[in-house]
Amino acid sequence: GVITGEVYDDTTGLPLPGALVSLTGVDALGGAYGESATSDARGRYVLRAAAGDARLVVTRPGHTRVDRWVSIRGGLAVEAFDARLTPITGAEVIVSSVLGGTVEGDAGALAVEAGSLAADAALRLVGIGPQGLANRLPAGWSPVAAVEVRPHSVQFTAGAQVRVGNVYSLPPATPLVLVRYDEASGAWVVV
């Protein structure tokens, strides 16, 4: 089969050249395989793939990562859902493991409680648009706000709080569900 797709800058909506699109999958016989391509000047890419289920990971230096799951059927072409990468903006803030601290970003703030980090960490908070999420949300879910805490490897051993703007003017006490994206499983997890 063949997989085609497009990569865009989430902030401008323009095609994003130079993004690395990595494909890993398991073919219909259970064998693992991988391929990669780079998006062209129009943000387009093409990959050959064996029949089976696969994961596309789209990356570009200075941008967020986006995953897409695809099912390939033998001899057929598949168009992957567009990947929209967000530029990583804002300065890193060194947060003390002893004292905690606050990281301001373009979409909100991350308040890290004292003792919440095993070691001092350089953190950054990046606002993500509703189309720039790390992967598609389950059916029926709609994002109210999205931020990415960088680096992804940071582990909080105690409390941390993210504050974001109420861009949809939701009334107070509106029930919301907080989720995080688990890169290892490629799934959204309720926190």
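Does S169 count as buried or exposed?

A: S169 counts as exposed, at 60% relative accessibility, where exposed means over 50% relative accessible area, buried under 20% and partly exposed in between (1.4 Å probe, protein chains only). The model is predicted, with local features needing pLDDT of at least 70 and side-chain atom pairs pLDDT 80 or more, whereas totals for chains, interfaces and linings use all residues. Residues are numbered from 1 along each chain as its sequence is written, and side-chain values use heavy atoms, with hydrogens and water left out.

S169 is found in the loop between β14 and β15, strands being DSSP runs of E, at least two residues long, and helices runs of H or I, at least four, numbered from the N terminus. The backbone at S169 has a phi near 50°, which is a positive value in a residue other than glycine. A173 lies in the loop between β14 and β15 as well, and although A173 is not a glycine, its phi is also positive, at about 70°. With a relative accessibility of 77%, A173 counts as exposed.

A pocket here is an open set of points on a 1 Å grid over the protein atoms alone where a 1.4 Å probe fits, with protein on both sides within 12 Å along at least five of seven lines, and lining residues have an atom within 4 Å of a point. β14 gives the most to this lining, with five residues. The largest pocket is lined by 44 residues in total, and V147, L178, V179, R180 and Y181 lie nearest its centre. Its volume, the space filled by probe spheres set on the grid points, which are joined across faces, edges and corners, is about 1,600 Å³. By class, the lining of the largest pocket has 27 nonpolar, ten polar and seven charged residues, with Ala, Val, Leu, Ile, Met, Phe, Trp, Tyr, Cys and Pro counted as nonpolar, Asp, Glu, Lys and Arg as charged, and the others, Gly among them, as polar.

For comparison, the second largest pocket holds about 230 Å³ of space. Its lining includes R68, F81, W141 and P143, and the lining residues divide into six nonpolar, two polar and four charged.

Another loop, between β8 and β9 (93-95), is the place of G90, which is partly exposed at a relative accessible area of 48%. G90 and R124 are 34 residues apart in sequence, yet their C-alpha atoms are 7.0 Å apart in space.

To set this in the whole chain, the secondary structure comes to zero helices and 16 strands, and the C-alpha trace spans about 55 × 35 × 30 Å along its principal axes. Of the 191 residues in the protein chain, 35% are buried.
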